[in-house]
Amino acid sequence: MIEPKYHPGEEILLDYADGSLAEPAALVVATHLTFCPWCRRQVAELEAIGGALLEDEAPEPLSPECLSAMMARLDQGSCPEPEAARPLRLPSIDLLGVPQPLRSYLDAPLSALDWRPVARGMEEVDLGLGRAPVRARLLRLRAGAVVPRHTHCGLEMNLVLAGGYHDQRGSYRLGDLVVDDDSVDHRPVAERGNGCVCLNVTDAPLQMTGGIRRFITQRLRW
Amino acid sequence: MVDAVPLDSPFAGAAACPWWHMRLAADVATLWAMLETGLTDRATQGRNLDELVLAVARERSRPAFGALFGHFAPRMKSYLMRLGTDAGQAEELVQEVMLLVWNRAETFDPAQASASTWVFTIARNKRIDVIRRERRPEFDPNDPALVPQAAEAADRAIEAGQETARLRAAIGALPEEQAELLRLAYFDDKPHSVISAERGIPLGTVKSRLRLALDRLRRLLREPV
C-alpha cells in the first residue's frame, strides 16, 4: 500500500495530540492517521511527551473525600464493561471500505448518502459537525471536474478518500491531507479516470477569485 | 454454581457481601493514610507504574489501583485546573478517568505506551467528552483500511516504559522558555497566536521555540539508548 505524501504538519498534529483541535478537524486528522504510519508515529511521540508533562505536574492536593468517593465508585462500577453489553454495531459491508473514524460518522455507504449538487460536476454531503462557520462535508467531484478558482478566508483541510485531484502545486491521492490557508489561490481539478471523493473541513466560506466570479464577489461586497 | 465466585474476589457482589464493605472502608483508611504521608509516591517509585496497571488488569488489585490513584489523581487535578476546570469538577473528572483506568486496564499495552502516556490520553479524551461535549475521533488499529507500518526498522528505538523517564530528563534540560511554551501548548487550550499576544513574544518566535523543543525531544526518542 502506498503511504500518503501530504501530511497535516507538526502544529496540527500537536493540536490533535494535546486535545485542543476541535472535532471536525480532529476527524480529518484521525482519518488521515488510518492511511499514514508516519503521522501515527508522530502522534504517539507527541502523546508520550504529554505523558511526561503530566508526570512533571506539581501534584494538586485532593479534597479529603475524593479518595473515599473514588473507592465507592470503584465498587459500583468495578465490573469491566462486558463485551456483550456493548451495543453491537456492525458496519454494513459497503461501509467497510470507508476508513475509521469517518465510518462511525456515516449511517450509509458513500454511494447511498444524500449527495447534493453544489456546482457543476461537484456534490456534497454535510456531516453537520462543528459550529458555523466551520463546515465538515464529503465532496464528490466527477472525473475531470474543475472547482472554480478560489482562495480561503481561513483554513481548509482536504483529505482524499478515493480517486484524486491536482492543482498547480501538485497532485493528491488516497490518504493525502492538504491544508490550505488564505495564501493559497487554486483551481483544483479532479482526476480524469475516477474523479475524487474528499473529506473537507473549512472554517470560513471560500472566496472565489477567478474571472467573472471575482467580479460578482466584488459587486456583492460593494 | 452460586459458590463459584469466592467471597474475597473482587467480582463478588457487594450487596451480597457486607464483608466487602468492611474491606472497602479499610481500603480507604489505609490508602488515605498512605496518601497523607506521601507513601504512595514512594511506593510508586519502588514499583513501576506500568506494573501497577498490569496488576490491576491481572488481579483487580486494589492496592495497586490505590497507588496509581495516589500518583496520578493529584497530577491530573493539576492538569485539569490549568485547563480552566474548577477544583470540584477537576476531582469529579479525575475520578471518571481513574474509573476508566480500573475498567480498561486490560487494554493497556506497555509495549505501545507507558502508563503515564496511557493515562494522559484517557484524561485528554475524557476532558474533550465532558467539558467540550465533543467526540474524540481516533483511528482504529484493527481497521481493515489501516495502512500498516512498512518496516520493522521503524520500531521505536527505546522501550515505551523508559520513554517517560528519558523525556522528563530531556524536558528538564530544555531552555526554560522552550519548556514553558511546551507546557502552555499541552496544558492551555490556547492557540499559538493568543500565547504570542499574552506573552508579548512574536508568533514566529512562539512557533520556532516550540519546534526546537519538539525536535529535541523527538530526536531523543529515536536515538538508541
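Predicted model: local features only at pLDDT ≥ 70, side-chain atom pairs only at ≥ 80, totals over all residues.

Trainee: Good to know. How many residues of chain A are in contact with chain B?

Mentor: On the chain A side there are 64 residues, and they are in contact with 85 residues of chain B. The area buried between chain A and chain B is about 7200 Å². Carbon and sulfur atoms give 59% of that area.

Trainee: Which residues in chain A lose the most area to chain B?

Mentor: Those are Leu54(A), Glu55(A) and Arg73(A), which together make up 10% of what that side buries.

Trainee: And how many salt bridges are there between chain A and chain B?

Mentor: The count is 12 salt bridges. One of the salt bridges joins the side chains of Arg168(B) and Asp56(A), at 2.7 Å from N to O. There are also 34 residue pairs in polar contact between chain A and chain B, counting pairs with both residues at pLDDT 80 or more.

Trainee: Which elements of chain A touch chain B?

Mentor: Four helices of chain A each give two or more residues to that side: H1 (10–18), H2 (23–35), H3 (37–56) and H4 (64–76). The largest share comes from H3(A), with 17 residues.

Trainee: Switching topic: how many residues does the largest nonpolar core have?

Mentor: The largest nonpolar core has 103 residues. Leu138(A), Met98(B) and Leu182(B) have the most contacts inside that core. Helix H4 of chain B, residues 62–82, gives the most to the core, with 10 residues.

Trainee: Now the strands. How do S1 and S2 of chain A pair?

Mentor: Strand S1 (residues 116–119) and strand S2 (residues 122–126) of chain A run antiparallel to each other, paired over three bridges. Pro117(A) stands opposite Glu123(A) in S2(A). The two strands form a hairpin with two residues between them, where Gly121(A) takes a positive phi near 75°.

Trainee: What about S2(A) and S3(A), parallel or antiparallel?

Mentor: Antiparallel, over five bridges, with S3(A) covering residues 135–141. In that pairing, Glu124(A) stands opposite Leu139(A) in S3(A).

Trainee: I also see S7-S6-S10 in chain A. What kind of sheet do those three strands form?

Mentor: It is an open sheet in that order, and the pairing is antiparallel. The edge strands are S7 (170–172) and S10 (189–190) of chain A, each pairing on one side only. Strand S6 (residues 165–167) of chain A pairs with S7(A) over three bridges. Within that pair, Asp167(A) has Gly170(A) in S7(A) as its bridge partner.

Trainee: Last one: is Thr151(A) buried or exposed?

Mentor: Thr151(A), which sits in strand S4 (residues 150–152) of chain A, counts as buried because its relative accessibility is 11%, and the cut-off for buried is under 20%. A polar atom of the Thr151(A) side chain lies 2.8 Å from the backbone oxygen of Val184(A).

How values were computed:
Residues numbered from 1 in each chain as written. Chains lettered and ligands numbered in written order. Heavy atoms only, no water. Core = buried A, V, L, I, M, F, W, Y, C linked by side-chain atoms within 4.5 Å. Buried < 20%, exposed > 50% of the residue type's maximum accessible area, 1.4 Å probe, protein only. Pairing = 2+ DSSP bridges. Polar contact = N/O pair within 3.5 Å; in protein donor to acceptor, adjacent residues only side chain to side chain. Contact = heavy atoms within 4.5 Å. Buried area = accessible area lost by both parts, 1.4 Å probe. Salt bridge = Lys/Arg side-chain N within 4 Å of Asp/Glu carboxyl O.
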